Amino acid sequence: MCSLEPFKIDLKGLEQGRTAFAFQLHDSYFEAIEAPNVRKGELCVSLTVFRTDDCFELDFHTEGRIHIPCDLCLEDMEQAIDTDNRLVARLGEEYSEQDDLVTVDENEGMLDVSWFIYEFIELDIPLRHVHAPGKCNPAMMKVLEEHSASRRGAANEEQLIDPRWAALQNIKLKD
């Protein structure tokens with residue numbers, strides 16, 4: 001299992017100016033943070049922290065691939081991730097999060113970025129994620145087609161017409 005210790009940044013211990021960090025994310029990372037939607041992936045995250053007094057600008061660049069289920073066939077598919085995100089942190093009396101500003105308890109001074117990285121990955125996943133045309137599992141697509149409302153609707157529509165109204169249907173067809 002992946003240790004999340006490297007994702008804890010000691011803000012108080014950082015020098016003024018820029019400090020760079022690099023993280024390699026694998027399946028064990030997603031398991032360690034108990035990710036709800038993404039279970040597998042290979043990503044590189046570069047983080048640059050710019051410190052000015054007690055204010056910290058964190059710039060994240062994440063790229064790589066994750067594996068998520070296809071919305072149509074439910075088979076795993078690769079989804080490319082390439083995202084840049086920014087977070088601002090400051091030292092204060094107690095921990096709090098407001099939009100993209102995080103206040104870290106100045107007595108502790110540690111910021112765990114593991115969950116923030118996961119959230120940035122989640123935000124880069126398209127709402128609809130499906131395989132390229134023709135790449136879905138053929139067996140699942142066949143089952144989906146058999147249960148599709150549009151396919152079933154045309155065949156059952158004739159059966160659903162009340163016989164008392166069938167004569168009106170004939171009048172409509174003659175015009």
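How many aromatic pairs are there? The count is 6 aromatic pairs, where rings of Phe, Tyr and Trp (its six-membered ring) pair if their centres lie within 6.5 Å, and planes under 30 degrees apart count as stacked, over 60 as edge-to-face and the rest as tilted. One of them joins F7 and Y29: the ring centres are 5.4 Å apart and the planes stand at 40°, so this pair is tilted. F7 sits in the segment before β1 (8–10) and Y29 in helix α1 (residues 27–32), 22 residues apart, so the pair links distant parts of the chain. Helices (H or I, at least four residues) and strands (E, at least two) are DSSP runs, numbered from the N terminus.

This is a predicted model: local features need pLDDT of at least 70, side-chain atom pairs count only at pLDDT 80 or more, and totals for chains, interfaces and linings use all residues. Residues are numbered from 1 along each chain as its sequence is written, and side-chain values use heavy atoms, with hydrogens and water left out.

Are F7 and Y29 buried or exposed? F7 is buried, with a relative accessible area of 4%, and Y29 is buried, at 1%. Buried means under 20% relative accessible area, exposed over 50%, and partly exposed in between (1.4 Å probe, protein chains only).

Next, F30 and Y118. Their ring centres lie 6.4 Å apart with the planes at 70°, so the pair is edge-to-face. F30 is in helix α1 and Y118 in helix α2 (residues 114–123), so parts that are 88 residues apart in sequence are tied together. F30 counts as buried at 1% relative accessibility, and Y118 does too at 2%. F7, F23, Y29, F30, W115 and Y118 form one aromatic cluster.

Now the core. A nonpolar core is a set of buried Ala, Val, Leu, Ile, Met, Phe, Trp, Tyr and Cys residues joined through side-chain atoms within 4.5 Å. The largest one has 38 residues, and L58, V113 and I117 touch the most other members. Among the elements that each supply at least two residues of this core are β2 (17–25), β4 (55–69) and α2. Leaving out residues up to four places away in sequence, V113 touches F7, I9, F23, L47, L58 and F60, contact meaning heavy atoms within 4.5 Å.

Last, where is L74? L74 is found in the loop between β4 and β5, and counts as exposed at 57% relative accessibility.
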